[in-house]
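Have the structure open while you read.

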Amino acid sequence: MNPEIEKVLSKFSYGIYLLSCRYEDVNYGMIISWVTQASYDPPLVLASVKRTRRVLPFIEKAKYFSLQVLENTQADLLASFKTPNLEERFAGLSYQVLDTGVPVLTNVLAYVECKLKEIFTPGDHALLVGEIVSGECFKEHGIPLTCKDLGKVYLGKY
């Protein structure tokens, strides 16, 4: 990538989310920051996941996923989702399993539960289009965790 374009992209602002799914009775989750609302009617979100991420095939198979909004005081939760063993990422964490089987942490600010509608692969990231089937705010007045809180912006290199 052109260094000047990379510098510009490093100025974009992003939230830090957890993306999770459940496949064959195993919970899978990963950290994600490239997320946006894509449509009002129907309510759609767009999430970008590097095509080499090991969680991606399970999202494709599960057909449902959640995006969980973390509070700016919850950066410590990210360590659980960096462990190399995918099956251990929810170990010791409090979560609920929704009707679609999707796991959602119970102490996050909010979540949306999505049905996977389409996947586009125009580059090195897969673009997941999810139709929101449910959602809930657990905390009305919390402040979402952002890249600014972590002191770095994900640019797609790792």
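A search of the whole structure turns up 8 aromatic pairs (Phe, Tyr or six-membered Trp rings with centres within 6.5 Å; planes under 30 degrees apart are stacked, over 60 edge-to-face, the rest tilted). One of them is Tyr14 with Trp34, a tilted pair at 6.4 Å centre to centre and 40° between the planes. Bear in mind that this is a predicted model: local features need pLDDT of at least 70, side-chain atom pairs count only at pLDDT 80 or more, and totals for chains, interfaces and linings use all residues. Residues are numbered from 1 along each chain as its sequence is written, and side-chain values use heavy atoms, with hydrogens and water left out.

**Aromatic rings**

- Tyr14 sits in the loop between helix H1 (3-9) and E1, while Trp34 is in the loop between strands E2 (26-32) and E3 (35-39), so their pair ties together parts that are 20 residues apart in sequence; helices (H or I, at least four residues) and strands (E, at least two) are DSSP runs, numbered from the N terminus.
- Tyr14 is buried at 18% relative accessible area, whereas Trp34 is partly exposed at 23%; buried means under 20%, exposed over 50% and partly exposed in between (1.4 Å probe, protein chains only).
- Phe81 and Phe90 make an edge-to-face pair, 5.2 Å centre to centre with 90° between the planes, and both are buried.
- Phe12, Tyr14, Trp34 and Tyr154 are linked into a cluster by ring pairs.

**Second largest pocket**

- Its volume is about 190 Å³, taken as the space filled by probe spheres set on the points, with grid points joined across faces, edges and corners.
- A pocket here is an open set of points on a 1 Å grid over the protein atoms alone where a 1.4 Å probe fits, with protein on both sides within 12 Å along at least five of seven lines; lining residues have an atom within 4 Å of a point.
- Tyr14, Trp34 and Tyr154 are among the lining residues, which also include Met1, Asp124, His125 and Lys157.
- By class, the lining has 6 nonpolar (Ala, Val, Leu, Ile, Met, Phe, Trp, Tyr, Cys, Pro), 3 charged (Asp, Glu, Lys, Arg) and 2 polar residues (the others, Gly among them).

**Ser20**

- Ser20 is in strand E1 (residues 17-23) and is buried, with a relative accessible area of 1%.
- The Ser20 side chain makes a polar contact with the Gln68 side chain at 2.9 Å (N or O atoms within 3.5 Å; within protein, one must be able to donate a hydrogen and the other to accept it, and residues adjacent in sequence count only if both atoms are side-chain atoms).
- A polar atom of the Ser20 side chain also lies 2.6 Å from the backbone oxygen of Pro103.
- Leaving aside neighbours within four places in sequence, Ser20 is in contact (heavy atoms within 4.5 Å) with residues including Tyr28, Tyr64, Phe90 and Val102.
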